Amino acid sequence: MDLIFDDAYFMRKALDEANYAYEKGEIPVGVVIVIKQQIIARGHNLTEMLNDVTAHAEMQAITAAANFLGGKYLKDCTMYVTLEPCQMCAGALYWSQLSNLVFAASDHERGYRKFGGQLHPKTKVKNGIMEEEASKLLKRFFIERRNLN
Ligand SMILES: [Zn+2]
């Protein structure tokens, strides 16, 4: 069987990361960063574990990718993230000069677009890839959490 390295393939890897977050009781958001069809960074939300509101999946992956590349800019990189980035992460992505952003589910409440957040003018954006799977996981998390309280 040949593996096809398309958007769905890499988004599935980001969803694996979101599942790790879910298992840890974190809001299930996951990210991978890809360059030339190779995953160079992974991340998932760790705000609870680290007690840090900035510990979003995207922030972890941006740092990891820059370390891997030995440079701070993410040119020629594609970020796959299971949920639309927030304003903070959009700001960080602006500074990173990321080439391509692909996100699964839209975040109508806290996504960067609602607040007029800006990515880098050179960043190309795609969304809706595996949206259903990503949304389902988030919904399951919030329903379960509500039932605990
Ligand atoms: Zn964020």
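Trainee: Why does Cys86 count as buried?

Mentor: In this predicted model, Cys86 has a relative accessibility of 17%, and since buried means under 20% relative accessible area, Cys86 falls on the buried side of that cut-off. Cys86 lies in the loop between strand 3 (78-83) and helix 3 (87-96), and, leaving aside its neighbours within four places in sequence, Cys86 is in contact with His56, Glu58, Arg110, Gly111 and Tyr112.

Trainee: What makes Cys89 count as buried?

Mentor: The relative accessibility of Cys89 is 0%, which is under the 20% cut-off, so Cys89 is called buried.

Trainee: How do you know which residues are the protein donors of the zinc ion?

Mentor: A donor here is an N, O or S atom within 2.8 Å of the metal, and ND1 of His56, SG of Cys86 and SG of Cys89 lie 2.0 to 2.3 Å from the zinc ion, so these atoms meet the cut-off. The donor residues are spaced H-x29-C-x2-C in sequence.

Trainee: Why can His56 and Cys89 be said to tie parts together?

Mentor: His56 lies in the loop between strand 2 (38-44) and helix 2 (57-69), whereas Cys89 lies in helix 3, so the pair ties together parts that are 33 residues apart in sequence.

Terms used
Residues numbered from 1 in each chain as written. Predicted model: local features only at pLDDT ≥ 70, side-chain atom pairs only at ≥ 80, totals over all residues. Heavy atoms only, no water. Helix = DSSP H or I, 4+ residues; strand = E, 2+ residues; numbered from the N terminus. Buried < 20%, exposed > 50% of the residue type's maximum accessible area, 1.4 Å probe, protein only. Contact = heavy atoms within 4.5 Å. Donors = N, O, S within 2.8 Å, 3.2 Å for Na, K, Ca; no water.
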